[in-house]
Each structure stands twice: as structure tokens, then as C-alpha cells.
Amino acid sequence: MLVETHAHLDYPDFANDFDDVLRRATEAGVTRIITIGTSVESSRRAVDLAERYPNIFAVIGVHPTYVEESGEDVITPLRELAKNPRVVAIGETGLDYHRLPSAELANEKTRVFPHQELFQAVAKALQYSTEKEIEAGIHDGAYKSKQASLFEQQLDLTVELGLNVVIHQRDAWDDTLEIMRPYSGKLRGVFHCFGGTLEQADEVVDLGHLLSFTGIVTFKNGASVREVAARIPLHKFMVETDCPYLAPVPFRGKRCEPAHTRLVAESIAAARGVSLEEIARATTATAEDFFRFDR
């Protein structure tokens, strides 16, 4: 028995064969699926799915990369959605600095100057500092500030409702932990799709939070993540797919789906030198405690 703790079943990727996707999950031993909202609209769809299917539960929230498109008030609709007993956490929320305005500008420069050494020499000679670069830097700060505000609002809602929170973090490790530290003891979070170091994993665990692993643990270049999954305490992590993304081997490059949770769990079991059944029991117990399905 496995719990798929992070799926995006409301995405159009699953529209054409939804019932088959659920059937394959059941056949793989995945008995419960948590579908995650990424915007208010996506969260509404997640709740709708959870109401229609007894093995699906919803997590509601606004993803940091949707901060520019989100309205002035996302908390009121999220608070209303959270009244539904099928809602088991807030998220995914957090920080994502992967595509800042300055990064987009750097990409433009790379296209113009594909040979970085030549570009750096020219830039240094000209003391390259354009209005566009300055503007991008200002936008970086504004974008990060908006994400931080949205993150804190959702953490406050999590505390208000007595729920836990699903954390998204990309290229923003220190800032994410800095924002979460004042909430220590008030809520628990799961750092989904964990891909960091063992030291970072220890930081998360020491703060009272959990990790969750995806199909990355099956990748050839996922050795460091497998090592983390092998070494952290057994009851400090869960399994997920983040489907439709990150399909595990041997499905890499194809659409991922909840049935693949089993492959994630099998890979972790092999890395730890234990049975799949042991991983299934432990991660299911952790998921039941964290999400409290019967609240």
C-alpha cells in the first residue's frame, strides 16, 4: 500500500485517460493520491476531483511562479476551499528563483555572445552596465518580494487552519528556510521533490519538517539524491511522482503518472537495502500522520 503524495491530476495531460490512470495506480498498489493545486483555479479543480473520487485528496495553494498572475487576495478563496474535508494541506507554496528577470537577460546575452570568454572580455572592456540590466535587477527584487509575501500569507493560513504545508523550493534554499524558521513549532512542511544534499536534508529534519522523493531517485544522475533517501531516518520522508513531470526510469521522457510511485519506492528500498513493503509501510504511516486524511 502506497500513498502518492504529490500529483497534478487536474492538468490536461490526464484528461483523455483519467480512469485508466487511476486503475493503473490501484494495480500498482497506490491506494491514495494527493492532487496538488498550483493556483486558485487549479486548487478548485483539485477539490472537485477529491469530491468525485474516494481515493483522491486535495492540497490547495498558489505556486510561487504564479505570483504575477494571482489576484490581490488569494487567501479568501483558499480559506473557503479549505472548509472542504477533502482538503488535507496547503500548497504547494514556497520560493522559485529559477527564472528571474536577470536570468532571462543573461539568456539573451548568451544567444548574442555564445562564446562566454569573448563576451566577458567585451563586457569588462566596456564596463557593461545597461539600463536593461539595472531594470532586470530591480525586477528581481520585486519578484522575490512578491513571492515571499505570497509564501508567508499561505504559511499564516496553514497555521490558522491547523493544517500542514507542501513546500516548493527551487534555487532559493536559504531564503526558503529563513521564511519558515519563525513558523517552527506552529506547522510542519514537506519539502517536495527533494533534490538537495544530505546536509540540507538534515536542516529540514532538524526544523521538524519532512522530505519527499520523486523519480529523480531512479535517474542515472540521481545518485546524490538516492544517497539522501538511503541515509535519512525512515519516518522522515514520503514518496511522490510530481506527475506529469519527472517520470522514473524506465519511463523517463514520457508522461509520469501516480502508478510510478511504486518505482520510486522500489528504488529507495534498493538504496536502503530493505524491502518494498518496509518502505511502503513507513511512508504510508508518515503520509497518514502528516495529511490526516480522516480529519
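Modeller: Let us begin with E68, which has a relative accessible area of 46% and is therefore partly exposed; buried means under 20%, exposed over 50%, and partly exposed in between, with a 1.4 Å probe and protein chains only. This is a predicted model, in which local features need pLDDT of at least 70, side-chain atom pairs count only at pLDDT 80 or more, and totals for chains, interfaces and linings use all residues. Residues are numbered from 1 along each chain as its sequence is written, and side-chain values use heavy atoms, leaving out hydrogens and water.

Colleague: The side chains of which residue and E68 meet in a salt bridge?

Modeller: A salt bridge requires a side-chain nitrogen of Lys or Arg within 4 Å of a carboxyl oxygen of Asp or Glu. For E68 the N to O distance is 3.0 Å, and the partner is K146.

Colleague: How many residues apart in sequence are the parts that K146 and E68 tie together?

Modeller: Helices (H or I, at least four residues) and strands (E, at least two) are DSSP runs, numbered from the N terminus. K146 lies in helix 6, whereas E68 is in the loop between strand 3 (56–60) and helix 3 (75–81), so the parts tied together are apart in sequence by 78 residues.

Colleague: In which helix do D20 and R23 both lie?

Modeller: The side chains of D20 and R23 form a salt bridge at 3.7 Å, N to O. They are three residues apart, about one turn of the helix, and both belong to helix 1 (residues 18–27).

Colleague: Which cysteine has the closest sulfur to that of C243, and how many disulfides does the count give?

Modeller: A disulfide is a pair of cysteine sulfur atoms within 2.5 Å. C243 is buried, with a relative accessible area of 0%. Its closest cysteine sulfur, in C256, is 5.4 Å away, which is too far for a bond. The count of disulfides comes to zero.
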